[in-house]
Amino acid sequence: MGWSASCINPFPASSHLLVAINMSKHLKSSQIPLRKQKRAWLGNEKARCVLAYYGLQKPPYELDALEPYMSRKTLEMHWGKHHRGYLEGLNKQLAKSDVLYGYTMEELVKVTYNSGNPFPEFNNAAQVWNHDFFWESMQPGGGNEPILGLLQQIEMDFGSFTNFKEKFIEAALSLLGSGWVWLVLKRNEKRLEVVKTSNAISPLLWDDIPIISLDMWEHAYYLDYKNEKGKYVDVFMNHLVSWNMAMLRMARAQSFVNLAEPKIPVA
Amino acid sequence: MALRTLATRRRLGLGLGFQSIRGLQTFSLPDLPYDYGALEPAISGEIMQLHHQKHHQTYITNYNKALEQLDAAMAKGDAPTVVKLQSAIKFNGGGHVNHSIFWKNLAPVREGGGEPPKGSLGSTIDTNFGSLEALIQKMNAEGAAVQGSGWVWLGVDKELKKLVIETTANQDPLVTKGSLVPLLGIDVWEHAYYLQYKNVRPDYLKNIWKVMNWKYASEVYEKECP
């Protein structure tokens, strides 16, 4: 294939971005025994070309940990086929040239969106990021209500937690076609809002900070709930959504958005 | 006298299950011209039943609701509401239009499903695309490339009298892409194939041609291009 068998991965396994060095241009024949290849690689400092590719992140729980609300079968398909498919598609696209190398996934999404004129890599990159975010937005034993500062912020921006829940569910059910529903912290308005987006779009693209997301593509719920979207959304709100992760994200967001600032009107 | 009026009204609607009572339009679910299991193994009976009884019915229900609300808003002259309802009408009405065509596009094998087109459509396909296989390949490629939900169509341009392959997003009907008449449409929403083919949309696209009703497509084509 072109990869030297002794290629050392300098990055730890948990890292998302992996870089490998293609030595195939050096080796005159693939018939060279492994030992000689190793020596050739170690002796040769200059790599002819560097390829970057991203690794697939696992959800932070076992694939059957969300049963009975999201079946293992769904996780196997959704993560193992769809999410992995987007990632492998992205890596294949990136193999063509190194123009888009060196970005974190979040940066790559924004760059490939190209302010509304997306590159072909956008769909794959955005969906990889969206799904990473989605798995982390859920947890076994999720649901219930947030506490402390996040609850206070929700009550301030929506009136009550029940009101927020209704708004979120309504957005999910009124989404036309494939898309996502988000609880997002708006950077400029300095408040939480519920936002729905189509296909692979996410609030990252207008620089807002997502806190929670729900995948409303049909593949996310069809195996478990068929056409009954309402049941799926209810189950997500009551049993899956990870308010712990949401609190973490809010805490991090407050490094970028000063929520404590009073809203002083400009004279 | 009232009965005769009702009977006349029933003939309207272009086969879309349209009924007009007291001036208010309502649409109803058209029956499938075959059993749910008749398209197996290309499309499973479970999918056909869900697709017809749940998805299509939901589009119709929501379409009727939207039309009712539109009626009320227009009567009041409530322009913002009229405009706001447009997306619901396009989505649900489009869903009804598209699926009504879709059911007619499919036929069980024993009723001619999968049989290649003869007559003028067959020869036009050979002229425009080279061969039927080439057309199928192109349509499948376009269908597989649709991001998110949508449809892939074989249509005929009313003015140029040419065959075209087009894709539409979500439930947009083919007419939104120009003065095109749909001959064949393939639903590439995930609900159309997920239970059977999971994420392998290309397999669904390959197999659906085995139950494609070219007779219907030829009829429509010959009407447009006599």
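Colleague: Which side chains meet in a salt bridge?

Modeller: This is a predicted model, in which local features need pLDDT of at least 70 and side-chain atom pairs count only at pLDDT 80 or more, while totals for chains, interfaces and linings use all residues. Residues are numbered from 1 along each chain as its sequence is written, chains are lettered from A and ligands numbered from 1 in the order in which they are written, and side-chain values use heavy atoms, with hydrogens and water left out.

The side chains of B:Glu46 and A:Lys226 form a salt bridge at 3.9 Å, N to O (a side-chain nitrogen of Lys or Arg within 4 Å of a carboxyl oxygen of Asp or Glu). The count between chain A and chain B is one such bridge. On the side of chain A that touches chain B, the elements giving two or more residues are α2 (72–94) and α7 (222–225) of chain A (helices are DSSP runs of H or I, at least four residues, numbered from the N terminus). Of these, α2(A) provides the largest share, four residues.

The contact (heavy atoms within 4.5 Å) draws 16 residues from chain A and 17 residues from chain B. About 1,700 Å² is buried between chain A and chain B, 58% of it on carbon and sulfur atoms; buried area is the accessible area (1.4 Å probe) that two parts lose on being put together, summed over both. A:Leu176, A:Glu218 and A:Tyr222 supply 34% of the area that chain A buries against chain B, more than any other three residues.
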